[in-house]
Amino acid sequence: MNSLVNSAGKRFARLATRAVVARPALWRVFRRPLQAQFDALASEWEGILGPEALAPLAAALDRLEPAPARVLDLGTGTGKAARLVAERFPQAEVVGVDLAPAMVEQARRVLPLELAARVRFEVADASALPFDDEAFDLVVLLNMIPFFGELARVTVPGGVVVVAHVSGPSTPIWTSPETLRARLEPLGFGSFEELAAGSGTALVARRVGAE
C-alpha cells in the first residue's frame, strides 16, 4: 500500500506539517520527500477519498458572497477541490497547483471536458507561487500545508482563504483553527468562521479590504 495511506506515511505527513507550520525554513527538508510521496500516490489518489470528503469545503463555499471570479486551489492533487469550485461557481476561472507532477498529470487527465475552458492545472510550490500579487479572489486549501505569507500575497483585498480538512484533527495534514487564526490575523485576515460538515472541518478567513 502506498505511503500516505499507511500509518507511517500519515505520521510523516503530520510531522512535516507541524514542523513546517512552526518553522517554514524546514520546508527545504520535507519538500522532496513529500513530493515523492504524492507522486507515488497519484495513480490511486482519485479513488482514495469519496465525495463525502468534500463536505467541509462545500459548506465553506456556501458562505461565500459574492461569487469569486479567480480561484486558486493549493495542493490540488487530482483536482477534486478545483472541480467542485468550478461547478459551484460557473463563471469562475480556477487554477489548481500541486508540488507533485504526477498529481498534476492525473488532474489534467480526469478533468471533464465541460470544465476545460475554465480550469487548468500547474506544477508549483505553494511556498513560492508563480502568480502576481493579489491575483485571486478565493484561495482554497484542502488537506494542505499553509504558507501564510504566500496566502496573503496572492489574495486580493476583500478576498477569502478557505482551509478545509476532510477528517478534522485526524487529518494527517492538519493545522488547528487556533494556529490558522493566529498566523493569518497579523497578515490582514479577519471575520474568521469555523465550520463542520460530514467528518471534516473548515476555516473561512476574509482578507481586510473592499466590501
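Is glycine 50 buried, exposed or partly exposed? Glycine 50 has a relative accessible area of 22%, so it counts as partly exposed; here buried means under 20% relative accessible area, exposed means over 50%, and partly exposed is what lies in between, with a 1.4 Å probe and protein chains only. This is a predicted model, so local features need pLDDT of at least 70 and side-chain atom pairs count only at pLDDT 80 or more, while totals for chains, interfaces and linings use all residues. Residues are numbered from 1 along each chain as its sequence is written, and side-chain values use heavy atoms, with hydrogens and water left out.

Let's start with the whole chain. The protein chain has seven helices and seven strands, which are DSSP runs numbered from the N terminus (H or I of at least four residues for helices, E of at least two for strands). Read along the sequence, they come in the order α-α-α-β-α-β-α-β-β-α-β-α-β-β. The radius of gyration is 16 Å, close to the 17 Å that the globule rule gives for 211 residues, so the chain is as compact as a globular protein of that length. That radius is taken over C-alpha atoms, and the rule is 2.2 Å times the number of residues to the power 0.38. Along its principal axes, the C-alpha trace spans about 45 × 40 × 35 Å.

What about the inside and the surface? Buried residues make up 54% of the 211 residues. A contact means heavy atoms within 4.5 Å, and of the contacts with a separation of 6 or more, 65% are between residues 24 or more positions apart. The chain exposes about 9,700 Å², with carbon and sulfur atoms supplying 54% of it; these areas come from the Shrake-Rupley method with a 1.4 Å probe, and for residues only the protein chains shown count as cover.

Back to glycine 50, which is in the loop between α2 and α3 (55-61). Its C-alpha atom is separated by 9.8 Å from that of lysine 80, 30 residues apart along the chain. Lysine 80 brings us to helix α4 (residues 80-88), which is mostly covered, with seven of its nine residues buried. The buried residues are Lys80, Ala81, Ala82, Arg83, Leu84, Val85 and Ala86.

Glutamine 91 has 71% relative accessibility, so it counts as exposed. Leaving aside residues up to four places away in sequence, it touches Ala69 and Arg118. Its C-alpha is 8.5 Å from that of alanine 67, 24 residues apart in sequence.

Not counting residues up to four places away in sequence, threonine 175 touches Thr17, Val21, Pro146, His165 and Leu180.

Now for the rings. The structure holds four aromatic pairs; rings of Phe, Tyr and Trp (its six-membered ring) pair if their centres lie within 6.5 Å, and planes under 30 degrees apart count as stacked, over 60 as edge-to-face and the rest as tilted. The rings of phenylalanine 12 and phenylalanine 30 have centres 5.7 Å apart and planes at 50 degrees, so this pair is tilted. The pair links distant parts of the chain, with phenylalanine 12 in helix α1 (residues 7-22) and phenylalanine 30 in helix α2 (residues 27-48), 18 residues apart. Phenylalanine 12 is partly exposed at 25% relative accessibility, whereas phenylalanine 30 is buried at 10%. Phenylalanine 131 and phenylalanine 136 form an edge-to-face pair, 5.2 Å centre to centre with 90 degrees between the planes, and both residues are buried.

Finally, a few backbone details. Most residues other than glycine have a negative phi, and most peptide bonds are trans. Glutamate 65 and proline 66 are joined by a cis peptide bond, with omega about 5 degrees, and proline 66 is in the loop between α3 and β1 (70-74). Asparagine 143 has a positive phi of about 55 degrees and sits in the loop between β4 (136-142) and α6 (148-154). Asparagine 143 is buried, with a relative accessible area of 17%. Serine 191 has a positive phi too, near 50 degrees, but lies in strand β6 (residues 189-197) and is exposed, at 55% relative accessible area.
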